[in-house]
Amino acid sequence: MIQQAIPPATELLSATRRAQATHIVSGLRSTLSFNIAISLSAALIVLLGNGLSLPIAVWLSATVLSAVYRALSVHRLVRFNYLETDPDYALRFMSGGALLSGLIWASLPFCIPDFNAAGKDATISLIMVGISAGSMIRGIGYSQMSMAFALPILLSIVVWLSYLGGSSAVIMALDVLGLMVVMVQSNLTAERVFVSNEIAKLEATTLAESLEIANEDIQQKNSRLEVLANRDTITGLANRMHFNGRLLGDIAKAKTIGGEVALLLIDLDRFKQINDTLGHSAGDALLRAVGERLSATVRDDGLIARLGGDEFAVIVSGPNARWRCRDHAESLLQASLAPIAFGGSQSVIALSMGLATFPDHATSADELLASADMALYDAKGKGRRQIREFDPGLKALADRQRLVEQDLEAAIHGGAVETWFQPQVDLESGAIAGFEALVRWHHPQLGFVSPPEIVAAAQSLHLAESLTAHVAAAVCRLLSRLPALDLAEVTVALNVSPREFALYSVADMLELVTSQHGINPARLEIEITEEAILDTEGAGYQLKRLENAGYKLAVDDFGMGHSSLAYLISLKVDRLKIDRSFAKGVADSRANQDLIAALVGLGNALKLDIVVEGVETEQDAAVLESLGCRIAQGYHFARPMPVESLVAWIARRGEAKDNRRAVA
C-alpha cells in the first residue's frame, strides 16, 4: 500500500494562491469589458431620464478609467510573473482594484438628482444589485476580491433605501441585505470548495507523478522502505520523520481552510531507572505496552508517534481538536493508573503531558512543538503525573532562560557577573567574624538575575567551573585586602553547588586560584549543602582533598536535609550554617527557639561553630545570642554589597568604634 505524500506546507499554500490568482486573471478581461458596457447602459438610462449632467459624465469617466487601470495593472502582474513568484501580492493588488471599482459604482446614486432607489430610479438600483450578484458568482475562486467590489455597491443601495423611508423601501432594503448575506455565504463556501479542489488536485498530481516513474517491483520496494522510514521499529507507531511531515501538512491545511491542530507530548516517568535496573528488553516491552495503551485510547482520532527515548506524541486535527485531544489526555492519565506488565514485572507508570494548539499557541509547526514541549516541562516540574496546557507565561520564562544562557559566558569573562559580600558578625562583641561571597548579575535587559538562575545556567552550559573560579578569584582579592583593614584572621566563605563535584575537580580549581593570588587556604571557607556530604562517591574524595589542603568546610542550610553525624565528624566540618527559615521571626516562635537551641547544642558537642543566616531584626539577634549562637549574618547587620562598598562599610565601623572609645 502506497501512502500519499503530503506536499510541504509552503508549496501547498503557494500553489493554492497561484491557482486563485490565475483563475481571476483568466476571466478579468471579460469582467472589465462587461463592467464598462453596464456602466455605459446605466449612464444612458440616467441621461434619458434626467438629461445630460456633469456628475454622470464624471462618474462614467471614473468607471472607464478604473477599468483601464485594472487592465493595465493585471498586464503588469502577468508580465513580471507576480502570479507565480508572489501570488499573495497579486491577489491583494487585484482586490484593491476591485474595491476601487466598487466604490465608484457605489457613488452612482450620489450623481443622480433626487435619486429614488424604489421609484423612478429603480432600474439603476436593479442594475447595481445585478452587477454585484454577477461579481459574486464569478468570484468563486477568491471571495475577497468579489466582496471588495460588491459589498460597497449593495451597502449604497441599502443606505439610499433606508434614507427614502416608507414600508416598501424598508422591505426592499431588508431584501437587499438578505441577498448580500446569502451571496457572501455562498461566495465563501465556493472559495472553500475551490481551495479544497486545488489541494486535492495538487496531492493527486504529486501521487500520479510518483506512480508514473515507478514500475510494480519498485513500488513494492518503496512501500516496504516507506514503512521502515515512517514507523518506529519498537512500537510500530509513527516515527519522528513521519510525525514531522504530518504536523507540517495538518498545519498547512488548517492555515488554508481553517481549523485547529492540537499536539500532545507525553513523557514516561522513571523510564531510565527501569532501563538501567531491568535492562533494555524490559524497557522496550514497556514502550510497546504504552504504545498499545495510546492506540486504544486515541484510536483513529489522530496520529500517534514515538519521537524517541520515552517521549510520545499525539496529533489531533479538525473541529474542536483542542478539546478532543484534552479528552484523550485525561483518558490516558486515568488509564495510566492501571499497572503495566513488562519484562516479567508490573508497575504503574506515571505520565507527564504537555498540550498546545494551533493557532491559539503557535503560528508554525516548530512553534507548536516548542509550546507543547514547554507545557510538558512545566508538567514535569510541577510534580509529574499531570496534564499542563501551554501558557504564554511559559514562553516568557523560556525566553528569559535563553537570554540568561546566551549572555552568561560573556558576562563572566567581561566582569558583568560580580561578586558581592555579606558580613558575618559576632553577636556578643559585634566584631566582624567573616564574609560570605555571593554572585550578582544585572542583565541589561532582564535586570537582576537571581543566583540560582545564574548557577543553573552555568551548569547547563558547562560554565560552572568558570563561574566558581571567577567568584573564587574575587574572594582571593578581598582576602588580600583584609590585613590592611585589621581583619587578617577573618575568613571568606565561597558557595560550591553539590553538582559541581561531578562536573569538574573543585579541589584542582581552588588550588590553582589560591596559588595564583598567594592566599592561605585556611582563610577560605568552602560552603557546601548537605547533599554533597551524603554523596560520598561523587564528592567525598574531593571534600577530603579540600580538608587536607587546609580549607575550612561549612555545611550550608543545615537542618533542611538529612545530614549524617558520622560524615560531619569524619570530614571535620568547621561550621554549620542554620537555614534562614529557622531564624526568621525566631523571637516569636518557641518551636524555632527549641530547634536552634538543639542545633547549637549539637554544634557545641561536635566542637563546630554555628552561624545563623537571615537575621533581620534586633529582637531576633538578641534571642539568638541568648540561645548560644555566636555568629550571625543578615539584613539586620548588613546587606550584600560590592567590594568597594564593603571596604567603605568596614572603615565606617572602625571609625564608629574609635569614636566610642574616645567618648569612653
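User: Let's start with L174. Is that residue buried or exposed?
Analyst: L174 is exposed, with a relative accessible area of 54%. Keep in mind that this is a predicted model.

User: Where is L174 found?
Analyst: L174 is in helix α8.

User: Which residues make the nonpolar surface patch?
Analyst: L155, V170, L174 and L177 make the patch. Its area is about 330 Å².

User: And which helix gives the largest share of that patch?
Analyst: Helix α8, residues 167-212, gives the largest share, with three residues.

User: New topic: helix packing. At what angle do α15 and α16 pack?
Analyst: The angle is about 65°, and the axes are 10 Å apart. Helix α15 covers residues 392-414, and helix α16 covers residues 451-460.

User: So what do we call that arrangement of α15 and α16?
Analyst: Roughly perpendicular. Angles of 65 to 115 degrees count as roughly perpendicular, and α15 and α16 therefore get that label.

User: Is the crossing of α15 and α16 left-handed or right-handed?
Analyst: The crossing is right-handed.

User: On to charges. How many salt bridges does the structure hold?
Analyst: It holds 23 salt bridges. Side chains of opposite charge can pair when their charged atoms come close.

User: Give me one. What does E389 pair with in a salt bridge?
Analyst: E389 pairs with R326. Their closest N and O atoms are 3.5 Å apart. This pair links distant parts of the chain, 63 residues apart. E389 sits in strand β7 and R326 in helix α13.

User: How exposed is E389?
Analyst: E389 is partly exposed, with a relative accessible area of 21%. Buried means under 20%, so E389 counts as partly exposed.

User: What about E525? Which residue forms a salt bridge with it?
Analyst: That residue is R575, with the closest N and O atoms 3.4 Å apart. The pair joins strand β12, which holds E525, to strand β14, which holds R575.

User: Are E525 and R575 buried or exposed?
Analyst: Both E525 and R575 are buried.

User: And what meets the side chain of E613?
Analyst: K577 does, in a salt bridge of 3.2 Å, N to O. E613 lies in the loop between β15 and α25, while K577 is in strand β14. They are 36 residues apart. E613 and K577 are buried.

User: Last one. Which residues do salt bridges with shared partners join into one network?
Analyst: D426, E525, R575, D609 and R630.

Technical notes: Residues numbered from 1 in each chain as written. Predicted model: local features only at pLDDT ≥ 70, side-chain atom pairs only at ≥ 80, totals over all residues. Heavy atoms only, no water. Patch = residues over 30% accessible without salt bridge, like charges linked within 9 Å, V, L, I, M, F, W, Y side chains within 5 Å. Areas by Shrake-Rupley, 256 points an atom, 1.4 Å probe, with all protein chains shown as cover. Salt bridge = Lys/Arg side-chain N within 4 Å of Asp/Glu carboxyl O. Helix = DSSP H or I, 4+ residues; strand = E, 2+ residues; numbered from the N terminus. Buried < 20%, exposed > 50% of the residue type's maximum accessible area, 1.4 Å probe, protein only. Axes fitted to C-alpha atoms, helices over the stretch in contact; angles between N-to-C directions. Parallel < 35°, antiparallel > 145°, perpendicular 65-115°, else oblique. Left-handed = near helix turned anticlockwise from the far one by under 90°.
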